[in-house]
Amino acid sequence: MGNPKAFLSVPRQEAGYRPVHERIADFGEVEQTLNTGERKLQASRCMDCGVPFCHWACPLGNRPPEFQDAIYKGRWREAYEILTATNDFPEFTGRICPALCEKSCVLKLSIDSPVTIREDECAVIESAFREGYVEPRQYPRVGKSVAVVGSGPAGLAAANQLNHMGYDVTVFEKDEYIGGLLRFGIPNFKLQKTVIDRRVRVMQAEGVTFKVSTKIDPDHLPEGFDAYCLCTGTPQARDLNIPGRDLKGVHFALELLAQQNRVLSGQAFTAGDRITAHGKNVLVIGGGDTGSDCIGTSNRQGAVSVTQIEIMPKPPVGHNPSTPWPQWPVVLKTSSSHEEGCTRRWSLSSLRFIGNKEGHVTGVEVEEVEWLPNPDGGRPTMKPTGKKEVIKAELVLLAMGFLRPEQKERPEGVFVAGDAATGASLVVRCIAGGRKVAREIDAYLSKK
């Protein structure tokens with residue numbers, strides 16, 4: 001460790017976001033970057049703990065103390081090699097991971113100022129692409145082939161690892177572009193799609209075959225492969241079946257997000273098919289990251305107002321004794337999208353959608369609820385209070401998560417990874433799942 005006392009003298013410095021008035025006018029990435037000197041100083045804050053809880057918390061098993069030390073010493077290629085030994089796509093996680101590692105950093109516990117691990121990770125991979133360290137390699141072939149169905153983070157990670165092991169890999173994607181939810185679920189202001197395209201080009205140069213606009217039935221897989229990896233995600237969003245659900249203007253969150261990403265890629269939609277917040281009061285139902293993405297997208301489309309409601313109570317601010325360090329803290333999170341303009345409310349249950357004579361939504365009737373301790377333990381019980389009101393909205397976006405796919409018994413040689421196996425989760429966990437299933441497929445095929 002180059003500077004064992006840096007954490008005492010160097011304060012945490014985040015790159016921060018572009019100014020609100022500037023970023024809401026476009027879909028460019030909101031996060032800024034530090035220069036190389038500042039980044040090296042941030043890396044120097046790592047204490048190289050005897051027990052690195054950052055490593056423990058990372059689903060991929062990344063080794064932050066090692067690549068932080070390499071950054072501080074200016075050994076960027078070494079940092080890249082350390083990072084990519086455990087993470088196939090640092091350019092994705094470095095942008096959109098919630099950084100479980102930082103929440104378990106000892107400096108988070110001691111002074112509430114963890115090392116900027118996520119930003120440092122992104123700096124490493126961007127330096128590697130810029131300096132030419134990311135070069136396509138050719139791997140000896142073993143004469144066996146694997147089909148990967150789905151090109152989200154789990155599918156891409158599985159394909160990448162299997163290709164490195166020498167298998168001939170074909171990735172099938174039902175949509176017109178590679179990336180899954182990375183492509184269609186995450187707004188460009190968090191992840192520019194050129195970042196995905198850049199990685200796909202590397203994988204193609206290394207021998208991976210991609211077939212887009214090819215829908216595969218998991219129950220009738222294409223013949224000619226020695227093994228199959230299903231990474232089809234969680235396609236079914238959780239619905240809100242209350243009166244008025246069929247009104248125009250009520251959409252699943254991904255309908256808005258995916259269409260906006262397609263528009264930015266150059267696709268055109270008719271006025272009747274276009275989902276837009278322009279000139280409308282928008283209500284987002286659901287308080288998670290997808291709801292936050294809807295807020296940022298709505299503001300950029302020109303919404304008059306944006307309100308986000310959540311049925312659960314408001315989380316604690318700053319610290320939650322029920323989720324102590326080094327666990328992930330369940331506390332109030334304010335995203336860049338929230339900062340751009342949004343009214344946030346909690347403990348509201350949606351009762352019915354209200355519409356006009358033309359069949360278009362005009363508002364949602366909600367009721368305040370109380371959450372009481374469950375005498376039998378477990379999840380608290382919800383109690384309606386009778387306090388009702390109508391929230392005005394001409395566009396309602398349902399961002400309440402996804403239903404876990406049904407787990408079917410699959411024939412020998414068929415494996416499942418990512419959200420398709422676990423239910424909706426984080427990109428970093430999907431990458432970890434893809435790497436894990438690649439090892440399982442390799443062990444299976446090695447025995448045949």
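**Exercise 1: the largest cavity**

Task: state which helices each supply at least two residues of the lining of the largest cavity, then describe that cavity.

Step 1. Helix H4 (53–57), helix H5 (64–72) and helix H9 (106–111) each supply at least two lining residues; helices are DSSP runs (H or I, at least four residues) numbered from the N terminus. The model is predicted: local features need pLDDT of at least 70 and side-chain atom pairs pLDDT 80 or more, while totals for chains, interfaces and linings use all residues. Residues are numbered from 1 along each chain as its sequence is written, and side-chain values use heavy atoms, without hydrogens and water.

Step 2. H5 gives the largest share, 3 residues.

Step 3. The space in this cavity is about 120 Å³. A cavity is a set of points on a 1 Å grid over the protein atoms alone where a 1.4 Å probe fits but cannot get out, and lining residues have an atom within 4 Å of a point. A volume is the space filled by probe spheres set on the points, which are joined across faces, edges and corners.

**Exercise 2: the second largest cavity**

Task: give the volume and lining of the second largest cavity.

Step 1. About 100 Å³ lies in the second largest cavity.

Step 2. Its lining has 14 residues, with Cys58, Asn62, Cys97, Cys101 and Glu121 closest to the centre.

Step 3. Helix H8 (100–103) and helix H10 (117–131) give two or more residues each to this lining. H10 has the largest share, 3 residues.

Conventions. 1 Å grid on protein atoms, 1.4 Å probe; cavity = no way out; pocket = protein on both sides within 12 Å on 5 of 7 lines; lining within 4 Å.
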